[in-house]
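Dear colleague,

Please read the notes with the coordinates open beside them.

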Amino acid sequence: VGAGPVLELCIAALTGPTVDARSVIVDRVPGSGHDLRLLAEYPPDRWRAFAAVGNGLLNLLRLGLMSELRGAGYRLVRVVSPSASVPRDWQPGENTYVGDRTVIGPGVTVRHNAFIDAGAIIGPGVTIGHSVWIGAGVILVAGVSVGDGTIIAAGSILRNGIRIGRQCELGIARTYRADVVDRTFYGDQFEGGVRIHSRERT
C-alpha cells in the first residue's frame, strides 16, 4: 500500500506462485493522512498489508501510513527479497523491507519499519532501530548499533561496533569509525558533521 519506487520493490519481491500480492496506490489527503477507502475490497480479515511509501527522507510518511493501516485492523507483513541471505527463523520488525542480495548475519535485531536496500551486508549482532533507512551496499560491521529514525547513505561502511544515535543522517558515502550522537547530519557541506538542536518550548 503506498506509491513510488518502494511499492514497486515490494511487489517485485513478493511476486511468485505462492503469494497473491496486490499493489494499491493511496493518495495523501491534506491534513488527514491517507485515503484508505481504496482498500475496501481488501478487508483486513483476509489480507495483510505493507506500508510502502516514501524514501530515506520520508521515513515519517511511511511510519504514518503504517499507523493508519494498523488502526484500520491490518496485520503488517515483512518483505524479504528471495535473493537475500538471512538466518533461518529470523524475525525482523513489522513493515521491514530487506532488498535483493542483502546479507543478514546471526543475532541481528531489526525493529519496525526499517528499509534495508539491495546489497547491504549486516554483520553479526547488529541492532537497527525503528524507521531506519539503510542505503544500497551499506556495510554494518559486527556489533554496530543504529538509532531510531536514522538514514545511512548508500555505500557507507560503519566499523568497530560503533553506535549511531537517533534521527541522524549519514549522508556521505564513506567509512564511519566513531560514535555519532543523536540528531547529527553529515552532508556535502558538513563533511565533519553538524548536530541539529531543537529548542525547548517554555
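Predicted model: local features only at pLDDT ≥ 70, side-chain atom pairs only at ≥ 80, totals over all residues.

Residues are numbered from 1 along each chain as its sequence is written, and side-chain values use heavy atoms, with hydrogens and water left out.

The protein has two helices and 19 strands, taken as DSSP runs (H or I of at least four residues for helices, E of at least two for strands) and numbered from the N terminus. Of its 202 residues, 42% are buried, where buried means under 20% relative accessible area, exposed over 50% and partly exposed in between, with a 1.4 Å probe and protein chains only. Among contacts (heavy atoms within 4.5 Å) between residues at least 6 apart in sequence, 22% join residues at least 24 apart.

The largest nonpolar core has 28 residues, and I116, I122, I128, I134, L140 and L158 are those with the most contacts inside it; such a core is a set of buried Ala, Val, Leu, Ile, Met, Phe, Trp, Tyr and Cys residues joined through side-chain atoms within 4.5 Å. Leaving aside residues up to four places away in sequence, I134 touches F115, I116, D117, A120, I122, I128, L140 and I152. A second, separate core of 14 residues includes L39, Y42, L69 and L76.

There are four aromatic pairs, counted when the ring centres of Phe, Tyr and Trp (its six-membered ring) lie within 6.5 Å, with planes under 30 degrees apart called stacked, over 60 edge-to-face and the rest tilted. Y42 and W47 form an edge-to-face pair, at 5.0 Å centre to centre and 80 degrees between the planes. F115 and W133 are stacked, at 4.0 Å and 5 degrees, and this pair links strand β7 (residues 115-116) with strand β10 (residues 133-134), 18 residues apart. Both F115 and W133 are buried, and together with Y97 they form one aromatic cluster.

In helix α1 (residues 5-14), the buried residues are V6, L7, C10 and A13. These cover an arc of only 130 degrees around the axis, so they lie on the same side of α1, the arc being that of the directions from the helix axis to the C-beta atoms. They pack against β3 (79-80), β4 (97-98), β7 and β10, whereas the face turned away from them carries the exposed residues P5, E8 and A12.

With best regards
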